Amino acid sequence: MRLNVSSAASSSEVINASHILKERHPLSIDHEAKDGVIFKKSDVSSRAFRVFSQSGRLIVEYADLSSALRALGFLLGDTEIPEGGLEFASPFKTQGIMLDCSRNAVMKVEHFKLWLEKLSLLGFNMAMLYTEDTYKLPGESYWGYLRGAYSKEELKEIDTYANLLGIEMIPCIQALGHMGGVLKWPVYADITDTGNVMLVGSKQTEAIIERMLLFYSEAFSSRRIHIGMDETYGLGRGKYMDRGGRDGFVDLYFTHLEMVVKKCEELKLEPMLWSDMLFHSNLDLEAAQTRDGFYNPQAEIPERITSRIPESAQLVYWDYYHPNIDDYTARINKHRQMGFEPIMASAVWTWHELMYGKTFTEANALPCIQACKYKQVEEIFFTMWGDDGGYCDYDSAMAGLTFVASHCWNDNPSKQEIAMDFQSVCGEDYELLCQACELDIFESDESEFPPPRIWASSVLWDDPILGIYWRNEKLRSPDIWSKVLEYYFKLSQALEEHQNITREFQDIRHAWLLCKTLECKIRVRDKLTNSYPHDKAGLKSIACEIAETIEFLNMLDESWRRQWMRRNKPFGFEILQVRIAGLIRRYRELSARIDEYLAGAIQKLDELEEETPEMPINLPNGFCRIFSNSGF
């Protein structure tokens with residue numbers, strides 16, 4: 001069923017946005033249609049809309065363009081409007097997203113435009129593209145070199161499109177730490193302190209930061225800018241110290257921050273920064289590395305720190321890890337005690353995830369939203385990181401964005417209402433997609449963070465011969481892998497009948513291939529450990545399982561390529577291809593090693609003879625940390 005919008009009686013801003021949206025949604029704009037919906041801007045409360053029937057026609061009264069487009073997305077669901085009408089409001093004047101474009105996956109302009117359309121219909125009014133060095137800084141040929149960097153023209157195109165859809169594009173960069181992607185080049189030796197941190201006090205550093213800020217002041221129309229400044233570990237401990245510098249962390253950090261903020265003010269930019277370093281800049285860094293160390297609940301921020309935070313800067317409180325409302329409210333209070341109203345950064349989980357991380361998102365983002373409503377925080381956005389290579393199916397995260405948007409606009413939406421939102425905006429089956437995303441396995445004890453679980457990405461990247469992850473989790477729970485195998489077997493069976501679905505926001509085939517690959521990997525390892533060294537017949541029969549695993553790895557490689565090329569610039573995909581090719585080669589090596597052993601050419605398989613340590617550890621996630629102990 002198509003939704004008609006009356007162009008004769010509706011606001012021009014809604015008509016302009018509708019002309020964009022009608023290309024990919026069941027929407028038409030009709031001057032004469034007697035059943036056309038009328039959109040009227042009114043003095044309803046900020047970020048709100050009301051839908052009611054009048055003389056047989058639907059009327060939408062709205063506060064701003066973003067609210068109007070949220071109403072449009074709602075009406076695309078063909079919802080029946082009761083006699084008294086319906087009214088919805090979001091308490092957040094800013095409801096946004098941040099997409100990581102610095103860890104291999106840099107989204108294409110056209111695909112991000114598709115995202116902007118969906119975001120507008122979900123009621124988002126702000127977006128950030130997190131770019132450490134993935135933008136083309138004039139005069140710096142190595143800045144974003146072979147990384148898929150955005151040109152100024154591309155960013156302007158995105159900004160114009162977003163504005164038409166009621167979305168503010170805010171630059172999101174780094175101005176001190178997290179700069180390893182560009183500092184690795186020798187041409188930037190003069191602005192490098194340690195591997196990831198820029199050199200404070202350097203005239204060259206100051207000059208390049210000024211150009212970074214100038215670039216984005218021209219690329220985006222918003223005057224707001226996120227300057228990063230988080231996780232600046234090692235500040236002052238590299239080249240700065242080698243040159244005789246002895247200033248403490250606090251002085252170095254704030255000297256640099258004051259310089260960056262001053263440059264922003266000169267360009268009439270309004271800066272915001274991650275606030276984590278302020279909470280442990282006066283603590284030892286070992287304590288800061290603990291989970292609560294990022295925002296240590298016992299931290300008392302001294303006046304020597306709060307007095308140096310520039311008044312014109314906003315603090316962004318990021319927290320993706322707490323399932324309790326009280327944790328968020330306590331830290332919101334801490335920010336206010338420092339004299340600053342925080343911007344909240346929650347998350348839709350995509351990092352270390354092969355598909356959207358539904359369980360973590362719902363467990364942590366929901367109490368965060370509830371805490372922000374209770375404490376009347378006015379600005380919130382949801383990050384989507386790409387740690388370990390940006391291999392997540394980011395489009396599947398639209399299910400998570402629908403979940404958080406529904407909870408921003410409603411106090412207690414039902415699963416059916418969230419599913420309807422997703423269906424009306426993305427045209428897909430929410431429950432089926434969420435089922436396909438359940439690749440990580442949670443155990444019953446949820447009292448600790450992270451709760452005991454199997455990371456699907458760690459199963460995938462685990463070396464088939466060394467089995468670092470396999471060994472560690474077996475120590476933790478001796479029968480874990482039989483349970484995991486049964487889980488993936490049942491999930492792959494459930495997804496198999498939908499494996500031909502390959503749409504952007506519902507790529508079930510990709511999820512099925514991931515699931516089958518994980519299932520095959522576990523079967524091979526299970527049979528290998530059960531057969532060696534005594535069951536030679538069992539070892540010989542592994543050849544069939546290895547061949548099947550390689551077949552699924554090849555199909556997964558093709559699926560990943562299809563996904564990546566429709567969504568991202570090609571740069572960065574080489575990392576995934578090398579990893580998949582490496583796994584395939586290691587399975588061939590396993591087959592060769594077994595053949596040599598069975599033929600008597602070697603007396604043992606050294607990799608399997610190695611004794612596993614007696615105690616399990618909390619293995620860090622990431623391909624390089626579990627694929628090999630030798631480093632890359």
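Where is D388 found?

Tutor: Keep in mind that this model is predicted. D388 is found in the loop between β14 and α14. Strand β14 covers residues 379-384, and helix α14 covers residues 398-409. Look at the backbone of D388 first. Its phi is near 80°, which is a positive value in a residue other than glycine. Now look at its surroundings. D388 has a relative accessibility of 17%. Buried means under 20%, so D388 counts as buried.

Next, move to another loop. H352 sits between β13 (343-347) and α13 (358-374). H352 is not a glycine, yet its phi is positive, at about 60°. The relative accessible area of H352 is 13%, so H352 is buried.

S102 is buried, because its relative accessibility is 4%. Follow its side chain. It reaches the backbone oxygen of Y130 at 3.0 Å. Leaving out residues up to four places away in sequence, S102 touches Y130, T131, E132, T134 and R147.

Now try the loop between α20 and α21, where P533 has its place. Check the bond that joins Y532 and P533. This peptide bond is cis, with omega of about 5°.

Helix α21 spans residues 536-567, and M555 is found there. M555 has a relative accessible area of 22%, so it is partly exposed. Beyond neighbours up to four places away in sequence, M555 touches R509 and L513. Compare M555 with Y394. They lie 161 residues apart along the chain, and their C-alpha atoms are separated by 19 Å.

Turn to the largest nonpolar core. This core has 219 residues. The members that touch the most others are F39, F112, W115, L116, Y253 and W560. Helix α20 (residues 508-531) supplies the largest share of this core, eleven residues. Take F112 as one case. Setting aside neighbours within four places in sequence, F112 is in contact with I97, L99, M107, A127, L129, I158 and M169.

Finish with an open space. The second largest pocket has a volume of about 380 Å³. Its lining has 16 residues, and L466, I468, R471, P613 and N629 are the closest to its centre. Helix α18 (residues 468-476) gives the most to this lining, with four residues. By type, the lining of the second largest pocket has eight nonpolar, three polar and five charged residues.

Definitions and conventions:
Residues numbered from 1 in each chain as written. Predicted model: local features only at pLDDT ≥ 70, side-chain atom pairs only at ≥ 80, totals over all residues. Heavy atoms only, no water. 1 Å grid on protein atoms, 1.4 Å probe; cavity = no way out; pocket = protein on both sides within 12 Å on 5 of 7 lines; lining within 4 Å. Points joined across faces, edges and corners; volume = space filled by probe spheres on them. Helix = DSSP H or I, 4+ residues; strand = E, 2+ residues; numbered from the N terminus. Nonpolar A, V, L, I, M, F, W, Y, C, P; charged D, E, K, R; others polar. Buried < 20%, exposed > 50% of the residue type's maximum accessible area, 1.4 Å probe, protein only. Contact = heavy atoms within 4.5 Å. Core = buried A, V, L, I, M, F, W, Y, C linked by side-chain atoms within 4.5 Å. Polar contact = N/O pair within 3.5 Å; in protein donor to acceptor, adjacent residues only side chain to side chain.
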